[in-house]
Every structure is written in C-alpha cells, then in structure tokens.
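Open the model in your viewer and keep the selection panel at hand.

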Amino acid sequence: LSYTKFRWSKNQKEKAPWVGLNCSACHTTEITHNGKPFRVDGAPTLADFQDLTDTLLVALKTTQADSSKFQRFSDRVALSEKRVNSESDSRKLNGALQQLIAYLGGIDSYNVDSDVDNAYGHGRLDAVGHILNKVAFLNNATSQIRGKPDAPVSYPFIWNTRQQEFVQWNSLVPNSIAKIGALKIPVGSLVRNTSQSIGVYADVTLREKAKANGYYSSVFIGNLYDIENQLASLMSPAWPDEFGQPTKEDIAAGKKLFNEVMFDGKTTCASCHSDLKRTDLKTPINHVATPVWGANGVGTDPWMMCNAYTYVAKSGVLKGTKQSILAGEEFGDENYTRTFLQTQAIGILLRNKFEVLRTAALEALGIEPEIFTNQSAAVTNPVELNGQLSKEKRLAQCMADAETAEKAPAGDEKKRILAYKARPLNGIWATAPFLHNGSVKSLTELLLEPSKRAKAFWVGNREIDTVNVGFVDAPATPANRSSLFNSEKGSGNSNLGHDYGNARISADQRRLLVEYMKSL
C-alpha cells in the first residue's frame, strides 16, 4: 500500500492483508467424472469472470451507499483486525472504499458493452481486449479511445509456457532470455507477467518522460519471479485411470493417423502440433504461426488477433516518451495500444531494475527468493469508442497486412501477430471447449466438418464426456451454473475453420485420433 495510500485505520501497516484473485483464478479448472472432482492446475477456468467482477462492483457500491450495510462491513473489518471500530477509522474505511469504487468504475467504463449477444458467459473472456483497455485507461488521456472488447477467447492452458518463444493465442508477447555476463535474465517472462499484471489488477502511476526511473506500480517483480519458477515445473495433466484408459492398439493407430498426411492430401496434424512428452519441461517448443486466410489459412475466427493488431489509443501522459523508455521512436498523439503495453511494462521493470537483477542473481546462484507484496494507484478521464476505425476497415487492414506478411521473414511482427499459434497438444483433453475462442465443444466435433459442429451448447458443467472429450452439454440449473454459447451470435464467436479435409475422416478414424489425444 505504499503508493495507493489506502488507509482505513489509524495505525494501519503497509502490509495490511488484501483479498483478491491471482493467476490460478483463470488458469485452474475442476473436472468431474461421475461426480468425483479432479483439479487441473494450469487448465482454463470455466468461471464466468466478467459476471463475477460486475457483480462484485455492484456489491461494493451497494455497501458504500447503504449506511446499515456499510456499518456492518466496517464493524467486521475492525473485528478481523482485533481493534475497536472508532468513528474516525470508519470514515477512513468509507473514503478508501469510495476511492476503490471510483478506480474500478473507471476501468469498467472502458469495457462496458450493451451487446447482449456478445456476453462472454462461462469459460471465456476477451482478456486481450480488457488488457488493452486497461493500458489505455492508465495513459490517462482526455477523451481516451477504448477498443470494444468483443473477441472473447478461452483462457490459454499454461503448462510448458517457459518453453514457448511467444505467448498469447496470436503470439503477441515474446518470451526471450537476455544474458548479462553469467546472469540469465528472463526478460520475456518478466515483461509477459508484468504485462499480464497491468491488464488485470495492477495499479500503475505513469508520468511524462520517466526515463530510467520508470513507473511506480503494485507489480512486485520478486513475486512474479517466484510464480514463473513454480510454473516452469508444471507438467500437463495425464488422462486419469478413473476415466478409462485407451488401448495401446487404439493409441498406436491414432498416432499413425496424427503423423501421416491428412485428409486434405497435404497436411499432417504433427506439422503444426509437434510432439512433446508431458515430462519434458526443457525442450524449446517450435513456434508455428497459422494464418487465418490464404492457401494455408486455418479459417478460424479472426477477431482476437485483428483487434489486438489494430486497436489504437491516445498517448496521454506517454506523449513524447520513447517506445522502449530509453530507446525507440517517441509517441505522438496516439499509437497502437499493444505498443503502449510494452512501454508500460518496461517502465515498471526499470523502476524495479535492482529487483530484476537481484532475481536474476538468485536464479544463477540457485537461492530461494523471499516473498513480498506492494500496491499503487492511477486516475482516468472520460472514454469513447469513436477514435477506432470501423470493424470493416480494421478487418480489411488485417487481411491486407496478413497477405503481405506471408512473404515476410519468420520473425516479422505482422506475420506473427496476424496468425494463431499452434502448439503441442499434451494435456489438450483437459482444455475444452476448443479452438482459441472456445467455440467447439469436444475433440470429436473439432474433427467434424464445420457445418456439422454444434452451433450452440452449454458451457459451465464440469462433468467430462470421456468418449468425445469435452464437457457434458447440460442446461443451467441451480447446481450447474452454465451459460449458453451460440457461435452465430455476437462478434468473435465463429466455430468455423481448422478443417483439413474433415469430411473425409471416417467415424472410426475420428475415434482413433481422439483416443490418441487422450494419451498426450
């Protein structure tokens, strides 16, 4: 609480306890089989994250506005801290609560959307859209431009993350390692995790032309380093014995189909989805970017990668700042929002430069780090949509740039971002629904021609379908908080694509491929 200065009692310490969400909120799931629960660390959540945060903000506002509710809340805070609830402390708490509501409400105004057909529901969120809007919010520009967060995706599964050259569905964020003498500094993971923290709940105080001093924030590099090291030890989940193991004969036959020329006569599953043993936590994963359009296009919904590529924001306090703080072009009045995200992350790391070096030294020496916490703040101004190009113009820009990117070298940014990343499929069985936007309910349906896939299905039920490998499609009940996904309504929800001659796959071949993927 060093920078927010939130205070709700006279002698409050900087390390007063908070309740909040961490990485596991989005990257942990529970699967049931005949009612028995199995927790899968690193798998995508089935939670309705947006409904949770929207409802929580309503609850905070109601608590602050209703005197009886607030008094009850204030008394409980005092009781938890083992102190008498004085009138002055109660006023402090009320002020802190008002400040928090204003801050969260400012962020919420960037993501509000009256399009009921595009409600995310369970297991899906336009995470990149929300991250980019948080970046725009932090820039603190007058009449800032927001991007409509209308391209929801499944939460990526995060085992083998450190082995990937790029992360996010469209390889938006590099995952590089830098060396300073004998020290190996995980620059990519630090930038990646700092960027993720910015986009979710971190407070950041930007300032004009900060240079080497960087930006105050609630991002604590030591904690990110600890989490990243823990994540590096996470193996993908093995198909449980309780689900019924596929036979060795079926696995072998499915593997042969997976590795041979597929049903379009030119492609193999393995050409995009390389083999990686679940115990292999070291081998670098070959980066494969699959374009959406063109002769080799995967044909899936383009909006997540197109929004990430085209959304812009006003520079605000970053006007005149170099894009990498100490190097690069200076920002003018506006720029691509994804570029501001990199600048903010670098600024936070510069502020914590000694901690960055300390964590690198600890890694080199094999010393276990300590755990710390921290906090900070930001303000905002009114926001509008009309600074973005229309969807039609942005789509045309993405298609044109993707076409030119096909001839670009492998490391070209357009070639990387205007595509979706294919990765090894170990543990894929635990990550339904499938495709980047969660639009296909099972592995069996993913191998059907797109016209035969379910257009709508319920998401939220945790009971696994062990035959088709997905979750049981069951309507919402008081015990089953499901929501109806419809691929034909809203933006970003198409279930088309990933068709490599699927119509020519026989039912038995489809079954064998699914049996093999259970074993990965």
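Among contacts in the chain (heavy atoms within 4.5 Å) between residues at least 6 apart in sequence, 72% join residues at least 24 apart. This is a predicted model, in which local features need pLDDT of at least 70 and side-chain atom pairs count only at pLDDT 80 or more, while totals for chains, interfaces and linings use all residues. Residues are numbered from 1 along each chain as its sequence is written, and side-chain values use heavy atoms, with hydrogens and water left out.

Select the whole chain. Switch to a cartoon: the chain has 15 helices and 18 strands, which are DSSP runs numbered from the N terminus (helices H or I, at least four residues; strands E, at least two).

Colour by pLDDT, the predictor's confidence in each residue, from 0 to 100. The chain averages 87, and 89% of the residues score at least 70. Now select residues 368-381, where pLDDT stays under 50. Where pLDDT is low, the predicted coordinates should not be read in detail.

Next, select helix H9 (residues 303-310) and helix H12 (residues 391-405), which pack at about 95° with axes 10 Å apart. Axes are lines fitted to C-alpha atoms over the stretch in contact, and angles run from 0 to 180 degrees between N-to-C directions. H9 and H12 are therefore roughly perpendicular (65 to 115 degrees) to each other.

Show side chains there. Residues of H9 including Trp 303 and Tyr 309 meet residues of H12, among them Arg 394 and Leu 395.

Notes
Parallel < 35°, antiparallel > 145°, perpendicular 65-115°, else oblique.
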